[in-house]
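Dear colleague,

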Amino acid sequence: MRVLRLDDSTSWLGDMLSHGGGEGAVLAACDPPADWSAVEERLVDAFHVARECVAQGAPLVYVVHSEDVRGTRSALASALATALIGCARAVAYEFQRDGAAANVVALPTDADRPGAARVIGNLLADPVLTGELLDLGSAKLGKLQP
């Protein structure tokens with residue numbers, strides 16, 4: 001199983017991740033949603049992708065925008081990002097015995113693209129982490145995180 005569901009701002013990941021082998025799914029939610037129904041649509045999609053990954057024993061990586069994790073872009077985008085973090089942690093907790101691996105990678109606008117693709121590719125190829133939020137931005141340095 002190989003699923004890549006990317007949005008406009010993360011389409012570059014498609015080319016970079018297609019060269020690596022491995023099973024799993026990457027679902028990106030970096031573009032701000034237009035309204036609450038768009039948030040709901042993305043979350044329903046995230047649920048179905050997670051269910052498919054668990055059923056097939058494949059790792060899952062949600063990709064969100066770093067600013068959305070901290071709530072500095074928009075309420076809708078933050079609601080989506082934090083809900084996806086909850087989804088990943090729920091999958092990790094509920095299906096730990098089955099060896100499920102679900103993580104979230106938060107990308108800043110100026111992400112080091114090859115580095116980000118390498119991190120995501122490694123999470124798919126060797127899923128030793130689960131339930132983690134990996135923020136690849138540096139804007140959080142020196143700030144108190146909840």
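This is a predicted model: local features need pLDDT of at least 70, side-chain atom pairs count only at pLDDT 80 or more; totals for chains, interfaces and linings use all residues.

The expected span of a helix is 1.5 Å times one less than its number of residues. With 21 residues, helix 2 should span 30 Å, and its end C-alpha atoms do lie 30 Å apart, which agrees.

Buried positions in helix 2 are Val39, Ala46, Val49, Ala50 and Cys53. Viewed down the helix axis, these buried residues fall within an arc of 105 degrees, so they line one face of helix 2. They pack against strand 1 (2-5), strand 2, strand 3 and helix 4. The face turned away from the buried side carries the exposed residues Glu40, Glu41 and Ala55. Just after helix 2, glycine 57 adopts a positive phi of about 65 degrees.

The largest nonpolar core has 24 residues, and those touching the most other members are Ala25, Val49, Leu60, Tyr62, Val64, Leu84 and Val104. At least two residues of this core come from each of strand 2 (24-29), helix 2 (36-56), strand 3 (60-65), helix 4 (75-94) and strand 4 (102-107). Helix 4 supplies the largest share, seven residues. A second, separate core of 16 residues includes Val63, Val105, Ala111 and Leu124.

Finally, serine 66 belongs to helix 3 (residues 66-70). Serine 66 counts as buried because its relative accessibility is 2%, under the 20% limit. Leaving aside residues up to four places away in sequence, serine 66 touches Ala106, Leu107, Pro108, Asp135 and Gly137.

With kind regards

Technical notes: Residues are numbered from 1 along each chain as its sequence is written. Side-chain values use heavy atoms; hydrogens and water are left out. A nonpolar core is a set of buried Ala, Val, Leu, Ile, Met, Phe, Trp, Tyr and Cys residues joined through side-chain atoms within 4.5 Å. Buried means under 20% relative accessible area, exposed over 50%, partly exposed in between (1.4 Å probe, protein chains only). Helices (H or I, at least four residues) and strands (E, at least two) are DSSP runs, numbered from the N terminus. Contact means heavy atoms within 4.5 Å. The arc is that of the directions from the helix axis to the C-beta atoms.
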